[in-house]
Amino acid sequence: MRALFNPLVRIALPSVALGLALAISGCSATKDHYAAGEDAQQRKAFEAASETKTGATIDTQATYLKVVDQMQQQDLWFASLAHIDALEQRWGITPDSTRARADALRQTGQAELAETAYKRLLATPQESAGYRGLGLLAGARGNYAEAVQLLKQAQRRTPTDALLLSDLGYANLRSGQFEEARLPLMQALQLQPDSKQAQANVALYLEVTNQQEQATALMNVNRMSEATRAAVRAAAVQMRAAGNSTALPTSAITTASVSAMTSNVASTRPRDDATSVPLALKPTRWAGMGGVRTASQQNPTASTTEAPLAPTPTSRGTP
């Protein structure tokens with residue numbers, strides 16, 4: 001009980017009372033300031049927690065590479081370059097990071113830098129991606145004969161990559177090697193029957209080789225849009241004129257075999273978007289800051305009547 005009569009306590013009481021009175025009298029004038037300060041503290045705490053969570057999540061090189069891969073699958077190519085810089089600063093340059101950089105450089109219209117990066121992949125575990133990237137760059141220049149040779153080098157190293165096979169078949173068609181296109185295109189379609197790129201390229205092959213009935217059957221079973229069908233037929237007319245193809249290939253494709261190849265996915269696949277025309281060797285989506293290239297920009301010899309190419313998810317066969 002003595003503590004209740006401590007002189008220090010009695011002396012402090014008036015000061016506490018005075019401070020309380022001042023606080024009450026000044027509350028209305030300063031509550032906004034206090035509220036703003038509290039909000040700022042909460043924001044800082046939230047940002048710090050978010051950064052901590054992010055740092056805890058991306059704690060290995062493999063995890064960071066997955067983040068970069070996801071960004072590239074969403075066509076965030078410019079942003080992925082910044083993250084590749086950060087990744088390499090932290091863990092160093094590897095074939096995996098070089099491949100991601102090369103793909104991003106190609107997709108952002110930096111062909112020379114991309115070529116240098118792809119060449120660095122040769123004689124590494126990512127050698128197939130290096131040859132494939134070089135082949136895609138050759139195709140973008142309109143040099144399809146060179147593209148075929150480079151894509152064959154890639155295919156020898158990864159023989160079951162469906163999108164690589166589709167690219168190889170398309171390059172064969174563009175270079176006038178119609179019969180040589182058949183094998184890789186049919187392999188691509190059977191390995192990945194739900195690939196719109198593989199479907200369109202097989203339809204193009206059928207049109208080029210005067211198998212219109214089978215081409216129509218394939219486009220019907222896969223519910224291709226009118227824009228895609230028109231682009232396929234326009235490209236076929238141009239290729240036939242360039243290659244002077246009038247005869248059927250030695251091994252024709254029957255309508256029944258077309259239906260059998262795609263019946264397992266046709267019933268559940270949604271209708272193609274009207275702008276989806278996956279006919280090219282992975283078009284460069286960004287020319288400077290101008291957006292998507294058209295077929296005539298991507299393929300210098302392409303007909304100007306061909307429909308514009310729409311952005312499609314980048315193949316992770318290269319990507």
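Trainee: Does helix 8 pass helix 9 in a left-handed or a right-handed crossing?
Mentor: Helix 8 passes helix 9 in a left-handed crossing. A crossing is left-handed if the near helix is turned anticlockwise from the far one by less than a right angle, and right-handed if clockwise. Helices (H or I, at least four residues) and strands (E, at least two) are DSSP runs, numbered from the N terminus.

Trainee: What kind of model is this?
Mentor: This is a predicted model, in which local features need pLDDT of at least 70, side-chain atom pairs count only at pLDDT 80 or more, and totals for chains, interfaces and linings use all residues. Residues are numbered from 1 along each chain as its sequence is written, and side-chain values use heavy atoms, with hydrogens and water left out.

Trainee: Back to that pair: at what angle do helix 8 and helix 9 pack?
Mentor: Helix 8 (residues 162-174) and helix 9 (residues 178-191) pack at about 160°, and their axes lie 8 Å apart. Axes are lines fitted to C-alpha atoms, for helices over the stretch in contact, and angles run from 0 to 180 degrees between N-to-C directions. Helix 8 is therefore roughly antiparallel to helix 9 (over 145 degrees; under 35 is roughly parallel, 65 to 115 roughly perpendicular and the rest oblique).

Trainee: Which residues meet there?
Mentor: Those of helix 8 include L165, L168 and L173, and those of helix 9 include F178, L185 and L191. Contact means heavy atoms within 4.5 Å. By class, the contact of helix 8 with helix 9 has 11 nonpolar, four polar and one charged residues. Ala, Val, Leu, Ile, Met, Phe, Trp, Tyr, Cys and Pro count as nonpolar, Asp, Glu, Lys and Arg as charged, and the others, Gly among them, as polar.

Trainee: And how do helix 2 and helix 3 pack?
Mentor: Helix 2 (residues 61-73) and helix 3 (residues 77-91) pack at an angle of about 170°, with axes 9 Å apart. Helix 2 is therefore roughly antiparallel to helix 3. Among the residues making the contact are Y64 and M71 of helix 2, with W77 and W91 of helix 3.

Trainee: What about phi of D75?
Mentor: Phi of D75 is near 65°, a positive value in a residue other than glycine. D75 sits in the loop between helix 2 and helix 3. D75 counts as partly exposed because its relative accessibility is 23% (buried is under 20%, exposed over 50%, partly exposed in between, with a 1.4 Å probe and protein chains only).

Trainee: Overall, how many helices and strands are there?
Mentor: The protein has 14 helices and zero strands. Of its 319 residues, 43% count as buried.
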